[in-house]
Amino acid sequence: MLLTQAITTEHLTLSNLRPEQAQLLQRYLLDNRQHLAPWEPVRTDAYFDITQCEERLYQQFQQMQHGNGLFLAIMCDEKMIGVCNFSNIVRGVFQACHLGYAIAHTHQGKGLMSEALTAAIQYMFERENLHRIMANYMPDNIRSAAVLERLGFEKEGYAKAYLKINGQWRDHVLTSLINPTATN
Ligand SMILES: CC(C)(COP(=O)(O)OP(=O)(O)OC[C@H]1O[C@@H](n2cnc3c(N)ncnc32)[C@H](O)[C@@H]1OP(=O)(O)O)[C@@H](O)C(=O)NCCC(=O)NCCS
């Protein structure tokens, strides 16, 4: 599932990062450490080391080769400004996956996350024939809820103590987007 060609939108390029491009990932993570902390698992200092960034990109590369995920760096003016990750891809009668995303604090509030996700979801529906994309958010993540609503995701449930975020088991709202034209 590695992209043969980057996905381009009006303002952005979405591409797979190779392990040798780990510095781009490290810069993005360090610049956004505080911004992302409330919405992600606790990160130790080691998480930001260049060797760990390389290792994570290598693991993502392997997952993509096995068709288990698609991990996209959102690039703007040759800088990494966000991520858009499709993980836990299951084929067959499910044709589904989970979606995770984040954008740099410097690029929030400009419609860029919606722009990136629109293109990435179109790729997953049209090129990868997925039928369901699931995305979950904490009830106080108003910005994330707004992005998903804008893209047409529908609420399907509420999961108590669903993920350990920033050191605490947090409830999540469960949503999904269905591809009406998927074939099997
Ligand atoms: C959640 C997150 C990705 C949303 O990013 P975002 O920039 O708000 O999302 P969008 O790209 O859709 O932009 C929408 C905003 O841009 C504004 N905007 C400006 N120009 C726009 C345009 N041309 N089109 C659409 N929106 C535009 C909208 O008014 C809106 O601003 P507002 O929230 O102040 O009303 C971001 O807040 C983030 O990375 N948060 C931390 C990580 C996180 O929570 N990840 C999700 C976990 S579930």
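Here's a quick tour of the sheet, the helices packed on it and the ligand shell.

This is a predicted model, where local features need pLDDT of at least 70, side-chain atom pairs count only at pLDDT 80 or more, and totals for chains, interfaces and linings use all residues. Residues are numbered from 1 along each chain as its sequence is written. Helices (H or I, at least four residues) and strands (E, at least two) are DSSP runs, numbered from the N terminus.

**The sheet**
- Eight strands form an open sheet with mixed pairing, in the order E1-E2-E3-E4-E5-E6-E8-E7; two strands pair if DSSP finds at least two bridges between them.
- E1 (7-8) and E7 (154-165) are the edge strands, each pairing on one side only.
- E2 (residues 13-15) runs antiparallel to E3 (residues 70-76), with three bridges, and Ser15 has Ala73 of E3 as its bridge partner.

**Helices on the sheet**
- H1 (residues 22-31) packs on the sheet and touches E3 and E4 (79-90), its direction making about 100° with that of E4.
- H5 (residues 142-151) lies across E6 (132-137) and E8 (168-178), at about 155° to E6.
- Contact means C-beta atoms, placed from the backbone, within 7 Å; axes are lines fitted to C-alpha atoms, for helices over the stretch in contact, and angles run from 0 to 180 degrees between N-to-C directions.

**Around the ligand**
- Of the 18 residues around the ligand, Ala102, Gly111, Met113, Ser114 and Arg143 come nearest (near means a C-beta atom, placed from the backbone, within 6 Å).
- E5 (96-103), H4 (112-126) and H5 each give two or more residues to this shell, and H5 has the largest share, with four.

Key: Two residues are in contact if their C-beta atoms, placed from the backbone, lie within 7 Å.
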